[in-house]
Structure formats: C-alpha cells, structure tokens
Amino acid sequence: MAFERKHVDIFTDGACTGNPGAGGWACILLYKKAEKSLSGADPATTNNRMEMTALIQALKCLKESCDVTVFSDSSYIINAFNNGWLDSWMQHGFRKSDGKPVLNVDLWQELYSLTRHQHLTFKWVKGHADNEMNNRCDRMAVQAYRDYMESHKDQPQDGDAQYTRDPGEME
C-alpha cells in the first residue's frame with residue numbers, strides 16, 4: 001500500500017493601515033473536517049510582510065510533509081512561487097533581474113525553509129471578492145491589528161513587537 005500524504009488547504013491574508021503602518025495577518029488551515037485559524041499583528045510593518053507572515057505561520061503548523069494548496073490574494077507570494085521568482089532570487093543572492101535587492105529577504109528565506117518539505121500548489125484568489133475563506137482571513141487580520149492597537153494604545157510603540165493569537169491546535 002502506497003503512503004498517502006495528507007492534503008491541507010491554507011487560506012491567508014494580510015492587512016495594513018498605511019504601508020508601512022500597523023498590520024495584521026491571518027490564516028486558516030483545513031484538513032478533512034478540522035479547521036485551525038491563527039492571526040496576529042505587528043505595529044510597524046508592510047502589507048507584503050503581513051501576507052508572508054500569514055503563510056509562514058500556517059506552514060509552521062504542519063507537523064509532517066503534506067500536499068498543500070495555498071489560496072492567497074497576494075500576487076507577490078503567488079508569483080514568487082509559480083513564476084520561479086524565489087528560485088531566481090536565491091540563485092542571484094537575493095537580487096532581482098534589475099540588480100536591486102529583494103525586499104523581505106528574512107521572510108523569503110524562512111518561507112523557502114518551510115516549503116522545502118511540502119508539496120505546494122499556489123492559487124491566486126481575488127481579494128475582497130467571492131472567496132469566503134479569503135474574506136474571513138481579511139476580517140481576522142484587520143481585527144488582529146485593531147485588537148493589538150487597542151490593547152497597546154497607552155503604551156509606547158515598540159517596532160519589534162508582535163502579537164499572535166492561537167485559538168488551539170489542529171488535529
């Protein structure tokens with residue numbers, strides 16, 4: 001009997017007030033009938049960093065090699081994987097074809113490390129449209145940065161601070 005890998009669907013989104021500004025990220029993982037959702041915030045970030053963080057946090061939940069379909073409204077992420085940008089950037093010392101440095105190298109390196117043992121398919125979905133899971137992620141990401149800002153409104157801003165909410169483990 002052949003080993004059958006688990007299939008997990010991952011939905012992600014990031015949100016930012018200003019770019020840069022306070023931001024939030026969210027992801028939903030679906031495996032059979034199990035669902036896990038995570039969200040978090042950063043007081044000083046960019047939308048692309050939040051999109052990438054959502055995917056990183058989702059991939060960190062996987063405890064074994066899986067067949068994974070990632071649904072994202074981030075062309076930045078989808079194109080980096082589907083069009084081979086990430087491979088090219090790595091081959092060229094994280095420089096783009098125009099010679100300029102790639103932004104968010106720390107997150108791209110972490111994503112590469114997390115994706116090496118997974119079998120991934122990336123699918124772009126239109127943001128703020130008819131994909132209910134993407135819309136849920138958007139609402140969760142916005143709520144995460146709002147919650148963070150509300151809970152820290154009387155404290156000095158720490159640009160290195162992050163806030164993560166984890167409602168529980170996925171079976």
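## Terms and basis of the model

A residue is called buried when its relative accessible area is under 20%, exposed when this is over 50%, and partly exposed in between (1.4 Å probe, protein chains only). Helices (H or I, at least four residues) and strands (E, at least two) are DSSP runs, numbered from the N terminus.

This is a predicted model, in which local features need pLDDT of at least 70 and side-chain atom pairs count only at pLDDT 80 or more, while totals for chains, interfaces and linings use all residues. Residues are numbered from 1 along each chain as its sequence is written, and side-chain values use heavy atoms, with hydrogens and water left out.

## Confidence

The predictor's confidence in each residue is given as pLDDT, from 0 to 100. Its mean for the protein is 89, and 89% of the residues reach 70 or more.

## Helix H5

Helix H5 comprises the 20 residues 132-151. Its expected span is 1.5 Å times one less than its number of residues, which gives 28 Å and agrees with the 28 Å between its end C-alpha atoms. The buried residues of H5 include Met133, Cys137, Met140, Ala141, Ala144, Tyr145 and Tyr148. An α-helix has 3.6 residues a turn, so residues three or four places apart point the same way.

Strands E2 (residues 21-31) and E3 run antiparallel and are joined by 10 bridges; two strands pair if DSSP finds at least two bridges between them. Leu30 stands opposite Glu35 in E3. The two strands form a hairpin with 2 residues between them, and Lys32 in the turn has a positive phi of about 50°. Because 10 of the 12 residues of E3 (residues 34-45) are buried, this strand is largely enclosed by the rest of the structure.

## Nonpolar cores

A nonpolar core is a set of buried Ala, Val, Leu, Ile, Met, Phe, Trp, Tyr and Cys residues joined through side-chain atoms within 4.5 Å. The largest has 32 residues, and those with the most contacts inside it include Ile10, Leu55, Trp89 and Trp108. Helix H1 gives the most to this core, with 7 residues. Another core, of 15 residues, lies apart from it and includes Ala15, Ala26, Ile28 and Met140.

Most residues other than glycine have a negative phi, and most peptide bonds are trans. A cis peptide bond, with omega of about 20°, joins Asn19 and Pro20. Asn104 has a positive phi of about 65° and counts as buried because its relative accessibility is 14%.
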